[in-house]
Every structure is written in C-alpha cells, then in structure tokens.
Amino acid sequence: MRWGSYLRAFARSFKRSLKDYTVEVYVWWFAYLPTELLNIALGLASWYYYTRFVVGPSGAGRAEWFFSYILLGIAIVPLLNMGVEQPEMALRSLYRGQVSTGGFRVPLWAYYYLAGVPRGVAAVSGFVFSLLQFLVRAALYLALGVYLFGVELGPSANYAGAALICALGFLACLGVGLVLANTFWLFIYREDVHVNPFTWLFTTAATVLGGTYFPLEVLPAWLRPLSYAFPHAYVFEGLRKALLRGAPLEALSRELLALTAYAAVAILLGALLLREIERYVVYKARKV
Amino acid sequence: MGRAEVAVAEKLVKEYESYEITGFVPMTGFGLYALFTVLGEKLGKYERRVVRALDGVSFTVREGEVVGVLGPNGSGKTTLLKILAGLTMPTRGRAEVAGLDVVKDHERLPRVITYIPGLAAISLFARPEMTVEWNLRRFADLAGLPREAVREALELVELVEDAHRRVYELSTGKLARLAIAFGLVKRSPLYLMDEPFTGVSPEVKVKLLELVKWLASEQGSSVLYATHILSEAEQVCSRVIVLHQGRVIADDTPRNLAKELELMESVDVEVRLAEEAEKLARDLAERADRALKVEVEGDVLKLTVAVRSSRDFVQYAVERVHAGGSKLLYVRVREPTLEDVYLALLSKHKAAEEKVVVAPPGVCYIFTGGVGGG
Ligand SMILES: Nc1ncnc2c1ncn2[C@@H]1O[C@H](COP(=O)(O)OP(=O)(O)OP(=O)(O)O)[C@@H](O)[C@H]1O
Ligand SMILES: [Mg+2]
C-alpha cells in the first residue's frame, strides 16, 4: 500500500523532470545534442591522433589497442563520478532556496512536498533521471568510438562481465556518494558554494589515480594502495580484462568480489548516515 | 457548537538557531574556497543565538471557521502556519491537522492542508519563462490532480485571460493571484493563508475575500488567515488570534475582545439648538464616559463622546434634547474596529520580556553556515 503510493509519486515526479526537460527540447536538439556529439567526437579525435603519434608509424596495431584502452576509461569515468556527485547534488537542489517575500525561504522540497511527493522520492526520481542521461552519454562515447574511429574490442569480448563490473562499480561509487552527501550540511546556507569540495576531491583523485588513462602498474609502489582505495581501480581493471582480453567471468572474480563488498558496505553506511544526519539537522540542530 | 476540530495546537514551541557574526569573516575565493570559508567562519567571532519564534502556543480551529492570525512583524505568524503546513518542525509541543500529527504523519499532511503564502510562493512554484497555465498544470500533474482543477483555479482568481501569457510578463497583483491559484487547485479541510492578497487590487480582493468566506461557509473548510491588514481580517474572520513575541495574547471574536478590553464606542451627535449650547453639552458629556469633541457652528452643536454603552447614552440624549426643545439632526454610533482592539491589546502587552535567549557558547559549532535564512 505504502510502496504503491511511493511508486505513483515516483512516476509523477519523473514525469515532471521529463516535462521540464522537454521544455528545453529545442535547446536539446539544436544546441545541446550537437555540441555534446561534437564535444565527444573532438575529444575522441584528439586521443586517436595522440595515440598514433606516440606509437609511431611502425607500431601498427598497437595504436588501435592503446586507443581502445583509453576509450573505455573516458567513456565510463563520467558515469562513475556521477554516482559520487549525484547524492550531494540532489540534497543541494532540494534544500537550497532563495529568500522570498515574507522572509520565507523556499527550497525545492517544499514544492514536491506540497504536491504530495515525499522528498526522498523526489530525490530518487531526479537521480534516476540523471542516471539515464549519463548512460546515454556513455553509450554515445562507445558508439562513436566504435563506428567513427573503428575501435575493435577484443575478438571474444565478455560484454556481460563488463556490464556487471560497470553496474557494481557504479553502486560502489553511489555508496561513496551517499557518505559524502552528508558534507552538504556544512554549506546549507551558502548559496555561493556550487561545487562540493569533498566530492570534487574524491572524483578528481579517483579519475587520475583510479586508472582512467593508464594501468596502475606504472604508478610508484607507495601510491598503489591509495589507488586501490577507489572503486575506479577495480572497474577499469576488470572492464579492460573483459573487453580487451576477453576474460571469462571466473577471471574477473577478484574485481567482482571487491566491488560487491565495496558497494555493500558503502551503500549501507551511506544510507544510514544520510538518514540519521538529516534527521539530526532537521529536528535537533533546527537548521531547516 | 459541536463542530469537529480541524486543527489543534498544544503548547507549541519553535526555536530557531542562528549565529550573530561580530568578527571578521574572510572574503571567499575560488577552488577549495568552501573549505577556507568554513575555516574562516570558525575563526571569526560568533555568538550562538536561539530565537524563540513561538512560545507555548495553544488553540483549536473548528470546521468552517475563519480564524485571523494577527500580530506585529516577527511575532511568529508565518512560523505557526509553516508548522501546520509541515514546512518546518516544532521544537516542542504538539500540533494536529484533521487528526494527523504534524511530525509523525508528516508525509500525509499535504493531503489535508492547502498552503497559500501569497507572493512568497511564486519563485518556488513558477518557471517564469513558461505560461501561467503550463506552470499550474505542472503542479497539478505532480500532485495527481485533474486538469479541470487548473481551469477552476484560474477562474477563481480571474486569470483566465492571462492563461497563455508568460509568467514574467505578469504584473505584481496578477503574480499574487497566480500564487493563490497554486493553492486553489487543491481543495482541503484546512487552508493556511499567509498575507495572501498582498498586491492584489481592491476590486479583485473583494471577490477573493468572498471566496475565503465561501470556502468556510459552503465547503465547510477552515481557514487560518495571517495578515496585517486588519480591515481584511475584520471582513472574513469570525475569530482572531493575536500573537505577540510568539505568545498568544488574545483568542476570541473581535467583539468580545473589545468588551474585555473595555473599549468604548464613540457617538457623534448633532443638534439644532433651542437652548444654551453650554448647558446641553455639559449634560450630555456628563452622561458619557469621555467627551472627545465639542463644537458650536451657528445654532448647531456638534458633539463626539466615548461611551461604554451607546444604547443608554443615545436613549438619554434623545430625551434630553427633546426636553430642552432642541432638534436632533444626526446621530452616529461607531463600534470599536478591529484596529482599535489590536492596538489596545498590543499597548497592554508592550512591556513583555526579552525573547532572545543567548545560549552558552561552544555547544553546536559544527554547522557554521547558518546565518539568517530559514
Ligand atoms: N530561519 C530562521 N532563523 C532564525 N530566526 C528566524 C527564522 N525564521 C524566522 N525567524 C525569527 O522568528 C521570529 C518569527 O518570525 P515569523 O516570520 O514567524 O514572523 P511573522 O509574524 O510572520 O512576521 P511578519 O509579520 O513580518 O511576516 C522572528 O523573530 C524571526 O526573525
Ligand atoms: Mg510573516
């Protein structure tokens, strides 16, 4: 009964996001989509020619391999980072608001609340909406890479394994995001803080140290343990094994296990912290 | 009366926490500036304050009642309405709307209230580049309400002609009407209106005030109506609650309050004299509680007095004037207005104690963002 009403509220809330989005539909078709496509294509082109330059004319075949290696990194990393950043952004968009007439501060959650959509449901529907957008973006990267630049993934690529790795990696990142979302309360009344420094630090470090652009073996030994603290490391290792070397599921067990554990612990901890701290801030600290 | 209770408040207390900045707060920069800002604010001088916006407020609102919430700026009217609407939580005490506890049944509360904060709602509810109707529909769809509700709400606030105009084109008063329309798409047992008609021109306001009365009389809904404009309250409210520094200082009909405060009625009398003006004026003034004005223009005496009971005074005046052979030209009785009641109440409570409690420092310094705002 209760879940049924949550589901209906979710559907209405999701429709609202879509509706707001379709308002900008002309912007999407005429400005956003072409620039996004161009952006992806130009980004891929620079990597394409860069790999050709680095490998040199004699290294036929190696340039293609190098390019595929990079493509997997840059296509997937926005999706992972989105999992880290979204929970905090959802909180921010719900609780931020301008002071209006009557000394009345109007945050977005009040809009949903007055329409009978609980703020948790509103946050989840917003999250699902951006997840879809980022999935489309990742798919565009891969599609352009394959069809425009002729990337060939290994002859016996393990797509199912790769998808599983990505999904688990995303959940692990989401867990980290839930933990880091709690830092939002430090900035609740600071309308000028547009980037959360904690999620920014995590995603930037994870992008570089997690192996988006290079294998972790090239890092100095003392840095490697740090790299393995990020879920990104397991995702990229597993993904490249599965797609470029066609590793079967058994060969991915180390990454799968690590990501499952990471996701379980982080999501549980994150959800618990988020609930308790929000409750504390709203009721006890009298912040809202 | 035997009518059902729609809203109950019992010893409600609402405290806000804020920080008074007395020291240096560094400018913000770029990059990791948020971190530095937090550090900077910790190094700056702060005094933690707890503002008690509501202090032991209790009352009930019954079915079909329109209750005015009056009080000076900062007396807690908005806070009270926000608590009943579920937009903020009470610190202590209990509040119920249609049997739902505002804290425990928070999620179900929107089904039984309609919150109309006037212009304050616009920035939240409307996308300015879209049309009036699009914005109302978006809200109605989100709330799962039928499309007809949008049309009806537009008709009620007389915005049908502007339905296809963009919101940024609207004048202040029409924006205020749009803000009201967002509330009216939903019917519910309790309407919470917070200075709803600010900026609305008189001819439309008259209709909207009628609408408020209609909601109560025909639909059986109750209305809590917070306002400074006492003439509005006088027109629609069957009862008023007056807040002062977060406390209820009066809760009754305006008439009873006037009686309680021993507010006097004023009586104007004009007489064409056939006797000595001074003598008649003295006799009449002696019968009144206070003479406010005595004027003689030719053979016409104009007298204004304040009396506790206009009935007795007028009866006496008629007899006395006739007895002297003079002719009564004009009598007018003015009952005390809500404004008189309100001003009298406030002057009585002026010497209430300080409401700001300064908490001991060093307790809750983790959240340093909170200065002002809500
Ligand atoms: N978020 C907040 N943080 C700190 N203090 C607050 C907050 N919101 C309200 N207050 C304080 O609570 C008190 C009551 O405010 P409220 O807005 O309820 O008054 P009001 O009766 O609606 O006033 P007005 O007639 O001006 O609208 C005021 O002293 C106000 O400064
Ligand atoms: Mg107010």
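In chain A of this predicted model, confidence is lowest in strand S1 (residues 97-100), at a mean of 63, and highest in helix H6(A), at 95. The score in question is pLDDT, the predictor's confidence in each residue on a scale from 0 to 100. Chain A has a mean pLDDT of 86, and 91% of its residues reach 70 or more. For chain B the average is 82, with 85% of the residues scoring at least 70. The model scores ipTM 0.79 and pTM 0.80.

Residues are numbered from 1 along each chain as its sequence is written, while chains are lettered from A and ligands numbered from 1 in the order in which they are written. As the model is a predicted one, local features need pLDDT of at least 70, side-chain atom pairs count only at pLDDT 80 or more, and totals for chains, interfaces and linings use all residues; side-chain values use heavy atoms, with hydrogens and water left out.

Over residues 26-31 of chain B, where pLDDT stays under 50, the model has 5 contacts beyond four places in sequence, a contact being heavy atoms within 4.5 Å. Over residues 351-374 of chain B, pLDDT again stays under 50, and the model has 53 contacts beyond four places in sequence.

Chain B contains 12 helices and 15 strands. Helices (H or I, at least four residues) and strands (E, at least two) are DSSP runs, numbered from the N terminus. Of the 374 residues in chain B, 49% are buried. Buried denotes under 20% relative accessible area, exposed over 50%, and partly exposed the range in between, with a 1.4 Å probe and protein chains only. Among contacts in chain B between residues at least 6 apart in sequence, 76% join residues at least 24 apart.

In chain A, helix H6 (residues 159-181) packs with helix H9 (residues 231-244) at an angle of about 175°, the axes being 9 Å apart. H6(A) is therefore roughly antiparallel to H9(A). Axes are lines fitted to C-alpha atoms, for helices over the stretch in contact, and angles run from 0 to 180 degrees between N-to-C directions. Angles under 35 degrees count as roughly parallel, over 145 as roughly antiparallel, 65 to 115 as roughly perpendicular and the rest as oblique. The H6(A) side of the contact includes A:Tyr159, A:Ala162, A:Ile165 and A:Gly169, and the H9(A) side includes A:Pro231, A:Tyr234, A:Val235 and A:Leu239. By class, the contact of H6(A) with H9(A) has 12 nonpolar, 3 polar and no charged residues. Ala, Val, Leu, Ile, Met, Phe, Trp, Tyr, Cys and Pro count as nonpolar, Asp, Glu, Lys and Arg as charged, and the others, Gly among them, as polar.

Helix H3 of chain A (residues 62-95) holds A:Pro78, and A:Leu94 is also placed in helix H3 of chain A. A:Pro78 is buried because its relative accessible area is 18%. Beyond four places in sequence, A:Pro78 touches A:Phe134 and A:Arg137. A:Pro78 and A:Leu135, 57 residues apart in sequence, are 9.4 Å apart in space, C-alpha to C-alpha. A:Leu94 has 5% relative accessibility and so counts as buried. Its contacts beyond four places in sequence include A:Pro107, A:Leu108, A:Trp109 and A:Tyr112.

In helix H1 of chain A (residues 2-23), A:Arg16 counts as buried at 11% relative accessibility. Beyond four places in sequence, A:Arg16 touches A:Leu108, A:Tyr111 and A:Tyr112, together with B:Arg138 and B:Leu142 of chain B.

In chain B, B:Thr88 is found in the loop between helix H2 (77-85) and strand S4 (92-97), and is buried at 4% relative accessibility. Phi of B:Ala98 is near 45°, a positive value in a residue other than glycine. B:Ala98 lies in the loop between S4 and strand S5 (100-101) of chain B and is partly exposed, at 36%.
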